[in-house]
Amino acid sequence: MIKLIKAKIKDSNYFLTLRNDETARKNSENSKIILKKDHIKWFNKAIINKNFKFFKILYKNRACGYVRLEKIKKNFYTSIFVTPEYRRKNVASKALIISEGYIDRSKYIFAKVRNSNLYSKKLFSKIGYEYFKNNGKFLLMKKKLGGLKVIDKIESIRGKNNFNWMNILRLAYKNSPKEASKIMSKIYKDDQRISKLVKKLIK
């Protein structure tokens, strides 16, 4: 339902429109309207910079915002904007979580939020960010990403285990096809039950 598509140079105008939205400007450090010529010059350079990552958010295949990641030293800083009609649909929280999959093995990810922006503070807190520094106007929030390394290790081990499991399945079918089919049918039904439970968790 929600996808992130890597932005291209042709998306420059779309990003500019969102960036110049009144709400976006109100919550940014620079609240001035960005001129098109300045934006195009900056965007064309930034989009090929390995320290920047830009994504369009798609909800049911319709563009509804963006997520931006910027790497500074060893850590990433994120910002997000979702158009009004798609807010309060968990679009922002899911898009931010998906974007973490594009981050290399940095230890932390940060978000700079205007103190008056209660919605954004609640959003980032919801997905694991904690208050880090406060300079009065802006709050710097931080999330530890160390868990991704553990997930990578689990993925590696499971990959090997899946290979072993398939070998057992081949052996079962070779020796007793009918009984193996019955067992696979039960596994399939249980997998469907698990999928339904997972859907409840992510609603």
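Me: What share of the 203 residues of the chain counts as buried?
Reply: The share is 33% of the 203 residues, where buried means under 20% relative accessible area, exposed over 50% and partly exposed in between (1.4 Å probe, protein chains only). The model is predicted: local features need pLDDT of at least 70, side-chain atom pairs count only at pLDDT 80 or more, and totals for chains, interfaces and linings use all residues. Residues are numbered from 1 along each chain as its sequence is written, and side-chain values use heavy atoms, without hydrogens and water.

Me: How do you know how many helices and strands the chain has?
Reply: They are DSSP runs, numbered from the N terminus (helices: H or I, at least four residues; strands: E, at least two). The chain has seven helices and seven strands, in the order β-α-α-α-β-β-β-α-β-α-β-β-α-α from the N terminus.

Me: What makes the largest nonpolar core a core?
Reply: Such a core is a set of buried Ala, Val, Leu, Ile, Met, Phe, Trp, Tyr and Cys residues joined through side-chain atoms within 4.5 Å. The largest has 27 residues, and Ile57, Ile80, Val91 and Phe124 have the most contacts inside it. Two or more residues each come from E1, E2, E3, E4, H4, strand E5 (108-114), H5 and strand E7 (138-144). H4 gives the largest share, four residues. A second, separate core has 11 residues, including Phe15, Leu18, Ala24 and Phe81.

Me: Which residues of helix H4 are buried, and what covers them?
Reply: In H4 (residues 91-99), Val91, Ala92, Ser93, Ala95, Leu96 and Ser99 are buried. The cover includes strands E1 (2-6), E2 (52-59), E3 (62-72) and E4 (75-82), and helix H5 (118-126).

Me: What is phenylalanine 124 in contact with, leaving aside neighbours within four places in sequence?
Reply: Phenylalanine 124 touches Thr78, Ile80, Leu96, Ala111, Val113, Tyr129 and Met141, contact being heavy atoms within 4.5 Å.

Me: Why is H1 called oblique to H3?
Reply: The axes of H1 (residues 12-19) and H3 (residues 36-46) come within 10 Å and cross at roughly 120°. Angles under 35 degrees are roughly parallel, over 145 roughly antiparallel, 65 to 115 roughly perpendicular and the rest oblique, so H1 is oblique to H3.

Me: What makes up the contact of H1 with H3, by class?
Reply: H1 contributes Ser12, Asn13, Phe15 and Leu16, and H3 contributes Lys36, His39, Ile40 and Phe43. Ala, Val, Leu, Ile, Met, Phe, Trp, Tyr, Cys and Pro are nonpolar, Asp, Glu, Lys and Arg charged, and the others, Gly among them, polar. The count is therefore four nonpolar, three polar and one charged.

Terms used:
Axes fitted to C-alpha atoms, helices over the stretch in contact; angles between N-to-C directions.
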